[in-house]
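Here is a short briefing on one protein chain. Please look over the sequence and the model before reading the points.

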Amino acid sequence: MSAIITRGLTKKYGKFEALSGLSIEVAEGESFCLLGPNGAGKSTTISLLTGSIEPTSGNAVVMGVDVAKDPIGVKKLVGIVPEMEYPPSFLTVREYLDLVCSIRKVKEPKPEIDRWIEFFGLGPKEDVLCKDLSKGTKKKVIVSAALVHEPKLLFLDEPFLDLDPIVQHNMKDYLRSYVKEGGTVFLSTHILEIAEKLCDRTAILYNGKLIASGRVAELKHSRESLEDVFIRLVKEEGA
Ligand SMILES: Nc1ncnc2c1ncn2[C@@H]1O[C@H](COP(=O)(O)OP(=O)(O)OP(=O)(O)O)[C@@H](O)[C@H]1O
């Protein structure tokens, strides 16, 4: 079954088209990477797929749910790490994760919360108000909140930003095993080295348009890295 299907997905702000007729399909159990220069439309795509904004035209179906018709229904099924989001300043780390578990109706929240607190080394900070955390620690809390209800599909918008190299490494390992066990990852990142290691397929956006998509290996010429592919395709498009 497809985890994500979009058909002609378009978002306009006035006359400006932030996303133009995106049609893609992501299978369950796949690790899919959305790439593109600044302003290409990556966050717009994730916001449309998670029901945070409405499309101007076209449609998206996520885990069998039509996003425009049931945006709340989609949120229940997926984990989301938005690009720019901080946990609520007035809650401690544990209180926030507790709140997320109760909203997502996690049956046994404590072991789940303990698991992510341990994974991200948040133990010494679990009773600290989120407003008093460092930027990277806030990111760890946001990622924990996306994972704590064990969703089958993860939307990750620059999830590695602000995380130290050890945490990035552990996250990569976790995401690999998550996909191996049947989870689906939809990742947007500028860290192409990570994208190359994690993703089976990719789509590259430029000025809101899809300029390339396919298996990472198939987009490469001979010895190219994903970074080489990205720079070549974006330069060709720009020219
Ligand atoms: N609310 C808005 N009103 C007007 N324009 C917007 C709005 N939100 C996004 N845009 C524009 O849509 C385009 C795509 O933005 P988006 O955030 O999706 O890009 P991105 O690929 O995620 O970029 P980055 O890599 O810099 O995060 C940009 O030109 C942006 O300025």
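The model is predicted. The chain holds nine helices and 10 strands.

**Overall shape**
- The chain has 239 residues and a radius of gyration of 18 Å.
- A compact globule with 239 residues would have a radius of gyration near 18 Å, so the chain agrees with that expectation.
- Along the principal axes, the C-alpha atoms fill a box of roughly 55 × 40 × 35 Å.

**Burial and contacts**
- Buried residues make up 38% of the 239 in the chain.
- Take the contacts with a separation of 6 or more: 66% of them join residues 24 or more positions apart.

- Helix 4 covers residues 109-119.
- Its buried residues include E112, I113 and I117.
- Viewed down the axis of helix 4, the buried residues fall within an arc of 130°, so they line one face of the helix.
- An α-helix has 3.6 residues a turn, so residues three or four places apart point the same way.
- P111 and E118 are exposed, on the other side of helix 4.

**Helix 4: partner and end**
- What do the buried residues of helix 4 pack against? They pack against helix 3, which spans residues 93-103.

Note on methods
Residues are numbered from 1 along each chain as its sequence is written. This is a predicted model: local features need pLDDT of at least 70, side-chain atom pairs count only at pLDDT 80 or more; totals for chains, interfaces and linings use all residues. Helices (H or I, at least four residues) and strands (E, at least two) are DSSP runs, numbered from the N terminus. The radius of gyration is taken over C-alpha atoms; the globule rule is 2.2 Å times the number of residues to the power 0.38. A residue is buried if 20 or more other C-beta atoms lie within 10 Å of its own, exposed if 12 or fewer, and partly exposed in between; C-beta atoms are placed from the backbone. Two residues are in contact if their C-beta atoms, placed from the backbone, lie within 7 Å. The arc is that of the directions from the helix axis to the C-beta atoms.
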